[in-house]
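Work through the exercises below with the model open beside you, and try each task yourself before you read its solution.

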Amino acid sequence: MSLMKILEEVEEQRKYKAQAHLHTIIKVAREEDLVDQIGKDIYFDLVDHDKVRSFRIQKQMPFSLFKEEVAREFGVPVQCQRFWFWAKRQNCTYRPYRPLTPQEEAQSVGQLREMPNKASNAKLKLFLEVELGLVQVPVSPHKKSEEDILIFFKLYNPEKGELRYVGRLFVKTYGRPIEILPRLNEMAGFNQDEELVLFEEIKFEPCLMCEHLDKETSFRASQIEDGDIICFQKAQIGNEVEFRYPDVPSFLEYMRNRQHVMEEQSFTLWKYTWKITNFTGLTQKKYYSEVFTLSNNAWRILIFPKGSNTDHLSIYLDVADSERLPSRWSRNAHFKLILIDQNNYGNSRIREMEHNFTARESLSGFTSFILLSEVHDSRNGYLVNNTLMVVAEILGPQLPAENIRLSEPPANIPHATPTDTFNTYFSNLDEFINVAESSLARGGSYPSNQTGALSTSEAPTLEEVKKARLSLKECLSDVFKLNIKDRLAEAVSTLSIAKSGLSWDQQKSVKAFWANFDEFTSDFLTFERDNFEFEMQKLLKDQKFATMKKIQETHGLYKQLLGDLTEEEEELNKKLEEVSSRREKLISDWENLMVESEKAKSGYRDQEKKAAEAEETKRIAEERMSRSTTAWSNLKMHFG
């Protein structure tokens, strides 16, 4: 790159930073983002805004012009777009809460960003509502009245333990959930008469709240409002313990606890940064990063600078030494690939997924990671001084610091010899497996939760005591479960200050439990967390052991195959010697033939000269004979 080009880019970046205060970032979430993320990247709320499309817009741009840019980007006509503000509620959830008014859409982007009730002044976050007609093309949205409520729906499958987003509906506040059951069955692909159970997802921090929704009670009476989430599933038939997590609340509780355990103790994100210089000068179709070793696995990043048969930058995560791995090797990895915006990290492009890597399927990632036009757009900070920065983050078990290292590309890794080394290794593996088989793992699991309590300053009435006793009895009908903690706290709190309606022993028991309520519930949480960690490590250990056993069983087969190949190699070597001998004889005969050919060619040239000389002699003789014949004919005519 010329010095002038470098100076121009530096000046361009200086202007970009100097004008940063004149721009704002708009995050636009679409229904496609909900489908892609819910049940894969997130389970609570609707979307992770770090993974949706970002627009860097001048603050003075009219919002109507921004809608035209959205139309070009998403292919949704301006008249078919309806944008909603997001709001962070008091219970720490994040939901769309109202659409923009025509007056607001007439304002500039900067004025909209200063609107109240948004989560942050740094970015404007919007939800793009698009209605599809009968032929699945965008149509103008219907006019929303004050009686209309926008609700989002998630479907839970207890048999598979899967939660996914299935769509949204406008309902009337005076309507009842039972009236939309046919639509929900249609969304889920069920029969129209399938019986459903509905739950409202209310909050998940500091404790989960997902409550059963009465199908006969109106949405208004159930306090359902714009942006609320209803989860539903088939009604359970038969024994509810048939599945590990039979309903939505138990599954969400499990996912919340697992998320906390993974974040706090069991796992960490390993990060590798690849700085790609002279990006526009890359000429090959694809490039690999250096190999980096994380969690005892060798990885590398693969990019297609001009796209893999697309107009997008293509980025993948690859198992570096896949060709040297056993055919049954596999690793499940949750990873992120990040294209860094070097001027504004908040505008970085992040894509995340989970994949089971195997020896045959060693590559996973995104063919259409980001449009190449966006990468090369100087208004973005992806390409600075002709340098691109790509980050790979892999979720894996935490290892000692000395285990984190960079290694050379696979081409520089020597191959092991397939004889004595194998025999020595597998002999040691046999001993190791014998020791491991003598020790069997044991364990179990129980639900738990965080602490929480309610308090009352006045003595409850007899009716309140009666209700509290009934609630407490229902809570005590089974082992402690986290989804009853708030209900249990309310009941115990009420009974602890009751003046009547309880026996002396009951009062003593309630007060003793209430005095240590936080400690008791904390013990359940600690046990659940520690027990989950044990179960996870036990599962990983069992998987490793099963892999070792399978490898041990395969070892004998490999030895037999290697012996067969050795015999075949010896036979082929004998044939090769015979072929080499025949080849040498053929070459020798060929060389003799060449000598004979040279002799024949030399003799032909000599004979050619002699033939020419004889021809000339013959010609002279013919001329002389012609004269003699003429004289002979004259003589014969006169005297014959």
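Two strands are said to pair if DSSP finds at least two bridges between them, and strands (E, at least two residues) and helices (H or I, at least four) are DSSP runs, numbered from the N terminus. This is a predicted model, in which local features need pLDDT of at least 70 and side-chain atom pairs count only at pLDDT 80 or more, while totals for chains, interfaces and linings use all residues. Residues are numbered from 1 along each chain as its sequence is written, and side-chain values use heavy atoms, with hydrogens and water left out.

**Exercise 1.** Find the partners of strand E17 and decide whether E17 is buried or exposed.

*Solution.* Begin with strand E16 (residues 297–304), which is joined to E17 by 6 bridges and runs antiparallel to it; here Leu-302 stands opposite Tyr-316 of E17. Next, turn to strand E20 (residues 363–371), which pairs with E17 over 6 bridges, also in the antiparallel sense, and in which Gly-365 is the bridge partner of Tyr-316. Finally, apply the criterion that buried means under 20% relative accessible area, exposed over 50% and partly exposed in between, with a 1.4 Å probe and protein chains only. In strand E17 (residues 312–319), 8 of the 8 residues are buried, so the strand is largely enclosed by the rest of the structure.

**Exercise 2.** Which residues touch the most other members of the largest nonpolar core, and which element gives the largest share?

*Solution.* A nonpolar core is a set of buried Ala, Val, Leu, Ile, Met, Phe, Trp, Tyr and Cys residues joined through side-chain atoms within 4.5 Å. The largest one has 32 residues, of which Leu-34, Phe-152, Phe-251 and Leu-252 touch the most other members. Among the elements that give two or more residues to this core are strand E8 (148–157), strand E12 (229–234) and helix H7 (248–266), and the largest share, 5 residues, comes from H7. Apart from this core lies another, of 31 residues, which includes Leu-313 and Phe-366.
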